Amino acid sequence: MDKHLITGGVPLQGEVRISGAKNSVLPILAGCLLTDQSVIIKNVPHLNDVTTIMKLLGQMGAKLTISEGLTIEVEAGSVDNPSAPYELVRTMRASILVLGPLLAKHGRAMVSLPGGCAIGPRPVDFHVEGLRKMGADITVEGGYIHASVKGGLKGANLKFDIVSVTGTENLMMAAVLAKGTTVIENAAREPEVQDLANFLNALGANIQGHGTSQIIIEGVKSLSGGSYTVLPDRVETGTYLVAAAMTGGRITTKSTRANILESVLNKLEEAGAHISSGEDWITLDMQGRRPKAVDICTAPYPGFPTDMQAQFMAMNTVSEGRGVLTETVFENRFMHAHELRRMGANIQLNGNMAQIEGIPQLMAAPVMATDLRASASLVLAGLVAKGTTIVDRIYHIDRGYECIEEKLAQLGATIKRVAA
Ligand code: EPU
């Protein structure tokens, strides 16, 4: 298993290009299953999760062509095996996103249950219940969801008890080819949900209200082909900005957008960072100062993203003062706290709250990544720790950060990857 070796102490300086959003490209690639025609997706990040979903589509019978310039062409007209096996689903929960499109297009699907994961139980009951309301017959047997529908899905009124990102996406994709109107209440408003809706509309779907908590989908007979450019990754953007803030540096993130991460930028300003932005860039300047600790409460968009909680915990460990983080989206998303403590961080956990008392410097230690964002927080901690930190199990980070060591090295960090 590869490891990262990071020697701390360098304030980050320079420019970094932000990749396409992982959490947009995954549902968009799943959405390609809804049409027989060729679809070209641009600004695709090179990530392990993208490879997994490509394998998933490939084993179903879809034809995928990767071209230069971060582009993938998908032709799903040849799909003849509408199933997602456990071997692939267990490595990536987002594989559940093929359920809605397969059922809508092929009238049947067999998708492995994702099972537990490092950040809590994360069930898929909302996905299943919603599809049932649209007329699907669904049983769970042998660890697999077996879904079928006679005569096609029907539009329905659906309401989420808790906001669910992939739940909203799965049902929205299913509804695109359903007969009649589907209304999704308490829908997720995340930019990635909006991106998926814009993509589907570009292929001829009739979706309205995306970006609000009520999405209305008027079913259409079929979707066409087309081409679409994936949104920038707001979590990758935020991660580099936090890295710059923690190290007292000044960086510009390019090919990104400030309006998709306002809650994160507000917290960085509260921590003392100077932020300026243009149409497709954000500059953060810490002017060599130590950040001030901030309180954070995670919430669905436009609230503070749970996917940035671990990185802010890393920042708070070396900030001035005390910060309290409250995690309301997932249970058990504080695994990184135990590893940060191994580097000397002063963190007290109490249920879904973490209280962090900032210290002047962390000490390097061998630490282990437990999930994607937890690994990012350990890398950030390594950038400010005294000595060389070894982050093990970085396959987690490769799921969601394209070329992370190259990008950090470009900003002046001392980081390398070593094979175990
Ligand atoms: N939930 C249920 N039942 C369901 C679905 C969700 O109880 O059927 C609960 C979850 O257990 C959780 C809450 O609802 O407590 C919200 O979960 P959500 O469904 O929104 O999460 P997700 O769709 O599985 C996506 C992202 C995550 C991100 C969350 C929250 C993708 C592929 N994944 O997950 O991204 O943390 O939304 O914003 O879009 C990451 O990128 O590191 C990551 C984990």
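**Ligand surroundings and overall fold**

A polar side-chain atom of threonine 166 is placed 2.6 Å from an oxygen atom of the ligand, a polar contact being a pair of N or O atoms within 3.5 Å (within protein, one must be able to donate a hydrogen and the other to accept it, and residues adjacent in sequence count only if both atoms are side-chain atoms). The model is predicted, and local features need pLDDT of at least 70, side-chain atom pairs count only at pLDDT 80 or more, and totals for chains, interfaces and linings use all residues. Residues are numbered from 1 along each chain as its sequence is written, and side-chain values use heavy atoms, with hydrogens and water left out.

The ligand is surrounded by 23 residues, the closest being Asp125, Ser164, Thr166, Asp307 and Val329; a residue is near a molecule if one of its heavy atoms lies within 4 Å of it. This shell comprises 11 nonpolar, five polar and seven charged residues, where Ala, Val, Leu, Ile, Met, Phe, Trp, Tyr, Cys and Pro count as nonpolar, Asp, Glu, Lys and Arg as charged, and the others, Gly among them, as polar. At least two shell residues each come from helix H1 (22-31), helix H5 (125-133), helix H6 (165-176) and helix H12 (372-384), and H5 gives the most, with three.

Helix H12 is largely enclosed by the rest of the structure, because 13 of its 13 residues are buried (under 20% relative accessible area, 1.4 Å probe, protein chains only). The N-terminal end of H12 is capped by aspartate 371, a side-chain oxygen of which lies 3.1 Å from the backbone nitrogen of arginine 373.

The protein chain contains 14 helices and 24 strands, defined as DSSP runs numbered from the N terminus (helices H or I, at least four residues; strands E, at least two). Of its 420 residues, 55% count as buried. Among contacts (heavy atoms within 4.5 Å) between residues at least 6 apart in sequence, 73% join residues at least 24 apart. The C-alpha trace spans about 65 × 45 × 40 Å along its principal axes.

Technical notes: Buried means under 20% relative accessible area, exposed over 50%, partly exposed in between (1.4 Å probe, protein chains only).
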